[in-house]
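Subject: Structure for you to look at

Hello,

Here is the structure I said I would pass on. Please open it first, then read the notes below it.

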Amino acid sequence: MSINRRQFLKLVGVSTVAGIGGAAVFGGLRNSGLEASQTSPDPRSLKGKRWGFVVDMSKLKSDEDYQKCIDACHSIHNVPDMSSLPEEIRKRQEIKWIWKDNFEHTFPTAPEDEYQNKEMKEKNFFLFCNHCAKPACVRVCPTQATFKRKDGVVMQDMHRCIGCRFCMAACPFGARSFNWRDPRGKDDNGRPFIKPEKENKEFPTRMIGVVEKCTLCYERLAKGLQPACVEVSNGAIVFGDLEDPNSEVRKIIAAKYTIRRKPELGTQPSIYYVIGGGEHAG
Amino acid sequence: MLDKALTGGRRYWTWIFVLLAVIGVAVLTYLKQFNEGLGITGLSRDVSWGIYIGQFTFLVGVAASAVMLVIPYYLHDFKKFGKIVILGEFLAISAVIMCVLFIFVDMGQPMRITNVILYPTLNSVMFWDSVVLMGYLALNLIIGWTTLGAERKGVKPPQWVKPLIYLSIPWAVSIHTVTAFLYAGIPGRHFWLTAVMAPRFLASAFAGGPALLILLALLVRKTTKFDPGYEPIQALGKIVTYAMFANVFLLGMEFFTAFYSNIPGHMHPFHYLYAGIEGQGKLVPLMWASSIFAVASLAILVFPSFRKNEKLLAIACVMLFTSLWIDKGFGLVIGGFVPNMFEGITEYWPTLPEAIITVGVWAIGLLVLTVLYKVAVTVREDTA
């Protein structure tokens with residue numbers, strides 16, 4: 001059989017396309033269970049099936065109670081500090097992994113109640129990624145840059161993220177931040193967003209144009225440590241395995257009235273709030 | 001056949017160079033965005049998609065609308081569309097190319113775009129959208145090029161192209177349905193969480209796309225020796241009229257459900273878009289302009305005697321196209337983000353660099369369209 005140059009080139013073209021397409025499709029089918037670790041795990045690492053938090057609002061009284069948790073998280077994760085930007089730009093472009101907001105904003109679909117008591121109305125709540133059991137962000141991500149680990153952590157691979165921001169549209173909790181500007185860069189006055197002397201060299205800084213969020217301190221869990229915000233919260237944030245009936249979080253949930261953010265959307269958030277006050281069941 | 005785009009009069013070349021100049025400025029602006037990040041746009045953590053994604057959505061509709069010529073011509077043997085079906089297919093090609101570019105300029109890490117293919121994710125609607133869009137581009141390139149090539153030689157198109165033409169019909173519906181699913185499957189964005197999103201997308205596409213095609217056909221007649229004919233344009237006018245009524249009807253459904261149910265989350269985006277909330281309402285004039293244009297265009301289109309007057313038809317098409325461009329290319333996306341997930345208001349308005357890049361992508365689309373139409377028209381002039 002002899003073929004001319006034109007036929008040969010056609011054949012090469014078609015088989016190349018088929019090859020790339022085929023490999024991509026079958027490669028994708030194999031990846032049913034995602035496992036990010038490449039080395040043998042640290043024996044100290046914390047093991048759970050569904051990590052979650054219970055936030056005990058009665059233990060959060062002053063602004064400092066909130067701020068020390070926020071600082072603990074943001075400093076070890078090299079979250080850029082954009083406070084030197086003009087207020088209008090900062091609010092639009094800031095990165096936050098953990099922050100606080102009032103009841104109305106935290107639970108916007110809770111019944112609107114003009115007669116609600118003033119204390120609750122003015123109280124601040126901690127907000128972070130809910131590490132949902134059925135996360136909408138994971139469902140929509142076109143590259144599996146955001147994925148769910150077997151221990152329930154909703155992870156974010158900042159090296160695979162293409163910056164399409166579909167996850168930001170999908171997340172009902174506004175938990176995701178996009179790097180609108182270079183987080184390793186400086187503001188107009190030359191002030192770096194991450195101060196060189198404060199940079200945590202053990203945690204990667206991010207690049208421009210990717211999405212990031214709370215990753216439940218996966219790097220600390222791997223070393224047997226609790227998440228940073230939990231550690232400094234004086235018991236206001238309790239960490240544990242929601243699938244384990246004997247865990248502290250489950251005991252509190254069984255004993256106290258707790259609420260979650262937007263449960264009606266079916267994402268099944270793993271963050272519970274105790275709003276009644278008083279000591280929790282220990 | 002592409003050589004036919006290389007010969008043209010002074011007017012043709014002036015137009016080409018104007019487009020190239022606009023594209024040049026836009027490319028430089030894009031380089032600035034590439035280096036400094038999407039922070040140079042009006043986007044924010046609350047409104048994380050804007051005019052780029054809006055234009056993408058709108059143009060998927062323009063691309064899908066080619067099917068409004070393909071169905072009558074190939075399925076119902078409506079011969080009068082024989083002359084203009086190629087204009088529809090080439091418009092689809094140009095529209096899909098703009099869609100791809102709008103996605104590209106919206107990405108934070110465009111150099112990683114191949115990750116969508118390297119890690120195909122079957123549960124992501126965006127993966128499917130890229131698959132169907134690429135497929136649609138390939139179908140229209142093959143079909144358009146083959147049928148026009150056959151026409152140039154004065155022979156019938158080869159038999160193997162027929163199945164592809166039939167395939168292109170459900171495929172056109174699929175591209176806009178899947179694009180609607182980008183929005184309609186997201187929990188917590190009340191404005192988008194509606195089962196009539198895909199039907200409304202199709203209705204507005206089948207109104208806006210053919211309206212643009214009418215204007216292009218009139219322009220082709222005016223600037224070349226090829227006349228698409230009076231009757232095909234009239235037939236398109238009827239399609240535009242029916243589709244626009246369907247679109248306005250479906251929009252009415254959205255208003256009813258939101259306001260009769262009285263559910264705050266469903267009403268808020270409409271309040272924001274059409275009245276403003278707490279004094280914030282940058283889109284209010286635009287949305288009202290869109291509504292007025294929609295009603296005015298229908299007031300012309302619904303009367304056959306008005307519609308038969310090509311001047312009035314053209315005016316109606318301009319108003320209708322503008323109305324849908326605002327509604328779908330801008331309002332649809334922003335209404336999903338305002339109010340935000342905390343029921344707060346963060347407004348969005350495109351910045352100058354963002355506007356320049358948007359115009360630049362349109363200029364690339366127009367350049368592709370001009371070249372393709374030049375080829376098609378020259379073939380027609382030669383064989384006439």
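In this predicted model, chain B puts 43 residues in contact with 52 residues of chain A. The area buried between the two chains is about 3800 Å², and carbon and sulfur atoms account for 56% of that area.

Between chain B and chain A the count is one salt bridge. B:Asp106 forms a salt bridge with A:Arg165, and the closest N and O atoms are 2.6 Å apart.

Which elements of chain B give two or more residues to the side that touches chain A? They are helix H1 (10-36), helix H5 (115-118) and helix H6 (125-153). By type, the residues on that side of chain B divide into 21 nonpolar, 15 polar and seven charged.

Last, a word on confidence. Chain A has an average pLDDT of 89, and 88% of its residues score at least 70. Over residues 278-282 of chain A, however, pLDDT stays under 50. The model has 16 contacts beyond four places in sequence for this stretch. Where pLDDT is low, predicted coordinates should not be read in detail.

Regards

Technical notes. Residues numbered from 1 in each chain as written. Chains lettered and ligands numbered in written order. Predicted model: local features only at pLDDT ≥ 70, side-chain atom pairs only at ≥ 80, totals over all residues. Heavy atoms only, no water. Contact = heavy atoms within 4.5 Å. Buried area = accessible area lost by both parts, 1.4 Å probe. Salt bridge = Lys/Arg side-chain N within 4 Å of Asp/Glu carboxyl O. Helix = DSSP H or I, 4+ residues; strand = E, 2+ residues; numbered from the N terminus. Nonpolar A, V, L, I, M, F, W, Y, C, P; charged D, E, K, R; others polar. pLDDT = per-residue confidence, 0-100.
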